[in-house]
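Please look over the model below before reading on. The notes that follow take up one topic, the place where two chains meet.

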2 protein chains.
Amino acid sequence: MAALSSGSIGSLDPMSDRAVFRQIADRIREAIDRGTFREGDKLPSETELIEYFGVSRMTVRNALQLLQGEGLVVSEHGRGVYVRPRPPVRRLASDRFARRHREQGKSAFIVEADAAGSHPAVDSLEVKEERPAPEVATRLGSPHRVLARRRRYLLDGRPVEFATSYLPLDIARGTPIAQPNPGPGGIYARLEELGHRLDHFEEEIRVRMPSPQEVKVLQLAAGIPVIHLVRIAFDSDGRAVEVCDTIMAADAYVLSYRLPAT
Amino acid sequence: MAALSSGSIGSLDPMSDRAVFRQIADRIREAIDRGTFREGDKLPSETELIEYFGVSRMTVRNALQLLQGEGLVVSEHGRGVYVRPRPPVRRLASDRFARRHREQGKSAFIVEADAAGSHPAVDSLEVKEERPAPEVATRLGSPHRVLARRRRYLLDGRPVEFATSYLPLDIARGTPIAQPNPGPGGIYARLEELGHRLDHFEEEIRVRMPSPQEVKVLQLAAGIPVIHLVRIAFDSDGRAVEVCDTIMAADAYVLSYRLPAT
DNA sequence: GATCGCAACTCATCTAGACGACTAGGTGTT
DNA sequence: AACACCTAGTCGTCTAGATGAGTTGCGATC
């Protein structure tokens, strides 16, 4: 391992107050920042780091765990620890629901991903009627039951987003919206065809670490937060016609918004 | 510790493939979800968990570290491990830069926090001219130097946001904008007085785990991501007159946007 | 040539124990 | 009353080692 024999990771300061495992993490972090290790590169193995720094196994592992928690590296059982590669990001612009984007045959996700050169896919489709959670119910006028549309989006085989749309039954039941594939332009196009002219959307963004279930569904590595986005669609009567609850892998997205100055 | 003696944390399944420390974390997580432990409650000490589950210290610590990484608990040296209390959140609405909000004497941050019943504060004020980073320079028309305004915002004594505004010198130099306190309505009010009528803003949002430096400045607990928000202000000529780079403690914010359907 | 199996290397989990540092509360002194 | 000190309890750091499990490459076998 050249990075080790040449000493380019640096060495510890025995006088420092800083814990040894933090110093080791610092050295490795600096080496990554400096470009000594690049995206996808394998770090020295635990054994090599133990010998290089002259510390015990736990100390090295603590250092690596720290870096994992920062999302800087990922460890792969039986293979090694790697500098985390940055996945392609989806840019979500604030005009992404503009009517003019709704004219096409495919869903916005597919069109956009194709344009970006990625392989898009949608799976885990589920469409069913159910009892809404209180937050959803309140937004939709407290119906007893709603139509829930669940789906998971993948980019180049990697899950990036898990979304559930909730719609009142008086709007969605018996329409293409209640079908697994609602047709060209997605459910917003169908809503407008059904006479619910969309006026605007409200989005609320929260950010946190994922629950174990979210880690599983989105196959998240350690140190990757999730973006919890709740979007409400309003028609021209001011009625909320859809609530969309989305969990996104934070490293796969850049959200972009345009705000008026007035 | 009642939660232990009554067995309300649950027990391990020795047959399970799931690692013991994960099972312990699961049990504690369930107990928190169930309300057995509430916000701010102290968890059983490591020693108590060791005895309760019959495992070694490292195993218990691994479990607790897992929960810390999820942002569920915080450990306090010498005191114990506590269910993480949720701080008051700042809601940022998409009309927060509307002209009508700019008429008041105090800064938007102070007004808004006062209204929410929190104690706001701003510190770490720094205003100076410097060489812009490439991303900033590009946005502002590649000037050699820019005015940088740095400040840190606190809510009830806790740092929640660290922001830097960059402005071209031909706009800001020698104006109140170059003063530590730019006066009522903030720099956007001053920009408009100087004839730069603001037209709109563009915000870009990225989410990730904090760097060690960000952990220090924002005093972030383990398991708290940051929101990296970059806002660009455009005047009515389409010129970018300010770039504002902000790092926010993710648990202190809810971002809210209104999107047009057209 | 294809396949199987083994060995070497990797990280994952767990144990047992030691010492350090911080906190909180009580004790005793000033 | 204020202060210094001690002590028990807590988490933080580190060591040394054992065992398990996933990955990879190579050689032997078919």
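1. Strand β10 (residues 253-260) of chain A pairs with β7(B) in the antiparallel sense, over 6 bridges. One residue pair to find here is A:Arg258 and B:Glu202, which are bridge partners, the latter in β7(B). Keep in mind that this is a predicted model.

2. How many residues does the contact take from each chain? Chain A gives 40 residues and chain B gives 41 residues. The size of an interface is often given as the accessible area lost when the parts come together. For chain B and chain A, the buried area is about 3500 Å², and carbon and sulfur atoms give 58% of that. Of the area that chain B buries against chain A, 20% comes from B:Tyr257, B:Leu259 and B:Ala261, more than from any other three residues.

3. Polar links also cross the interface. Between chain B and chain A, 12 residue pairs are in polar contact, counting pairs with both residues at pLDDT 80 or more. The rule finds 4 salt bridges across this interface. In one of the salt bridges, the side chains of B:Glu204 and A:Arg91 meet at 2.2 Å, N to O.

4. Which elements of chain B give two or more residues to the side that touches chain A? They are α4 (57-69), β7 (198-208) and β10 (253-260) of chain B. With 11 residues, β7(B) gives the most to that side. By residue class, the side of chain B that touches chain A has 20 nonpolar, 14 charged and 7 polar residues.

Notes: Residues numbered from 1 in each chain as written. Chains lettered and ligands numbered in written order. Predicted model: local features only at pLDDT ≥ 70, side-chain atom pairs only at ≥ 80, totals over all residues. Heavy atoms only, no water. Contact = heavy atoms within 4.5 Å. Buried area = accessible area lost by both parts, 1.4 Å probe. Polar contact = N/O pair within 3.5 Å; in protein donor to acceptor, adjacent residues only side chain to side chain. Helix = DSSP H or I, 4+ residues; strand = E, 2+ residues; numbered from the N terminus. Nonpolar A, V, L, I, M, F, W, Y, C, P; charged D, E, K, R; others polar. Pairing = 2+ DSSP bridges.
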